[in-house]
Amino acid sequence: MTLDVQAEQWLRGLADSGLPPLNDMPVPMAREVFSTALADSSLKPCKIADISDRSIPGPNGDIPIRIYTPEGNGAFPILVYFHGGGWVLGNLDGSDGVCTLLAKRSGAVVVSVAYRLAPEHPAPGAAEDCYSATKWVSDNAALINGDSERIAVGGESAGGNLAAVVALMSRNYGTPNLQFQLLMYPVVDYDLKTPSYHQYGNDYFLTTDMMRWFFDNYANNPDMLQDWRVSPLRAPDLSGLPATRIITAEYDPTRDGSEAYASRLVAAGTTVTLKRYQGQIHGFTALAGVMGQGKTALEDATDHLREVFRQSWEPRLWLTR
């Protein structure tokens, strides 16, 4: 397939900006540029019942979270969401549009997590924060008008990596019991030599050099790179994980790893829906304000999430009759 027209226009604008690649900038500058790009290209927040901020206890200090509550009466199902940015960039504000859409369309409370960023906090700091936040949500669901028996995790790019890792940690620790994981072009392995890296590792926003920079900042030793908390594709056992939707993009260097993860999940007995969006680049759902296919992908995924939550609720309703 040819490159999506809107993706091509966005890439042309990026090239015309004259900015160096993120990996050639100091980390503070890269964070500022990344946040500005998201503000210009992401979905605008839609109206929902409530958006509120709070802090919850974490393994290394408080963790800020943002809670998006849909219209209606609870208890609502819950999606715990982790933003992208290579574990180095990103913040709660950059996901406002995505999270309001997810809450409005799915009818779920969405809890967005401001996990610790690298290089100040290398792996597994982000994963530990994300698991702690998910566990807090499960233990305190009533405080946010949520249902502790209907919890999903999700995220895009590095956030998809963290969602996959949280699902593995939840299985290993026996809590919380997750219903679903939504993984949008997740980074699941540090291998930068797959065919998709060779084909699309230059000229399509996310480059091989940029991914190497992210990994160097996040996992500061070779042993950590091979740890499943950084590279969940390398987990020895992927059984017992929740139903999964994986979104990939054709022109994305991380595509092969994401699709290999889908195959391993299926082989381990997990129900998986894999959808590759032809002509698209890494980050296209985060850029859904200027990429129509990104919004379509979010809407399709949210409809899937809503159906999973509905099916998990119906048997409980039947038992109370």
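Two strands pair if DSSP finds at least two bridges between them.

## Before you start

Welcome! This is a predicted model, in which local features need pLDDT of at least 70, side-chain atom pairs count only at pLDDT 80 or more, and totals for chains, interfaces and linings use all residues. Residues are numbered from 1 along each chain as its sequence is written, and side-chain values use heavy atoms, with hydrogens and water left out.

Let us begin with β4. Helices (H or I, at least four residues) and strands (E, at least two) are DSSP runs, numbered from the N terminus. Strand β4 covers residues 109-113, and five of its five residues are buried; buried means under 20% relative accessible area, exposed over 50%, and partly exposed in between, with a 1.4 Å probe and protein chains only. In a regular strand the side chains alternate between the two faces of the sheet. Here Val109, Val111 and Val113 point one way, while Val110 and Ser112 point the other way.

β4 pairs with strand β2 (residues 61-69) in the antiparallel sense over four bridges, and Ile67 stands opposite Val111. With strand β3 (residues 76-82), β4 runs parallel and is joined by five bridges; there Tyr81 stands opposite Ser112. β3, helix α3 (residues 96-106) and β4 make a right-handed β-α-β unit. A crossover is right-handed if, with the strands pointing away from the viewer, the path from the first strand over the helix to the second runs clockwise.

## Helix α4

Helix α4 takes up residues 125-139, and its end C-alpha atoms are 21 Å apart, which agrees with the 21 Å that its 15 residues should span at 1.5 Å a residue. That expected span is 1.5 Å times one less than the number of residues.

Twelve of the 15 residues in α4 are buried, including Cys130, Tyr131, Trp136 and Val137. Ser138 also lies in this helix and counts as buried because its relative accessibility is 13%. Leaving aside residues up to four places away in sequence, Ser138 touches Ser148, Ile151 and Pro176, where contact means heavy atoms within 4.5 Å.

A nonpolar core is a set of buried Ala, Val, Leu, Ile, Met, Phe, Trp, Tyr and Cys residues joined through side-chain atoms within 4.5 Å. The largest one here has 109 residues, and among those with the most contacts inside it are Phe82, Leu162 and Tyr261. Helix α5 (residues 158-173) gives the most to this core, with nine residues.

Tyr261 is one of the buried residues of α9. Its contacts include Ala164, Leu168, Leu183 and Pro232, not counting residues up to four places away in sequence. Helix α9 spans residues 255-267; at 1.5 Å a residue, its 13 residues should span 18 Å, and its end C-alpha atoms are 19 Å apart, which agrees. The cover over its buried residues includes α5, β6 (180-184), α6 (195-200), β7 (243-251) and β8 (272-281). Just after α9, Gly269 takes a positive phi of about 100°.

How many disulfides does the structure hold? It holds zero disulfides, a disulfide being a pair of cysteine sulfur atoms within 2.5 Å. For Cys46, the nearest cysteine sulfur is that of Cys99, 10 Å away. Cys46 counts as partly exposed because its relative accessibility is 25%, whereas Cys99 counts as buried at 0%.
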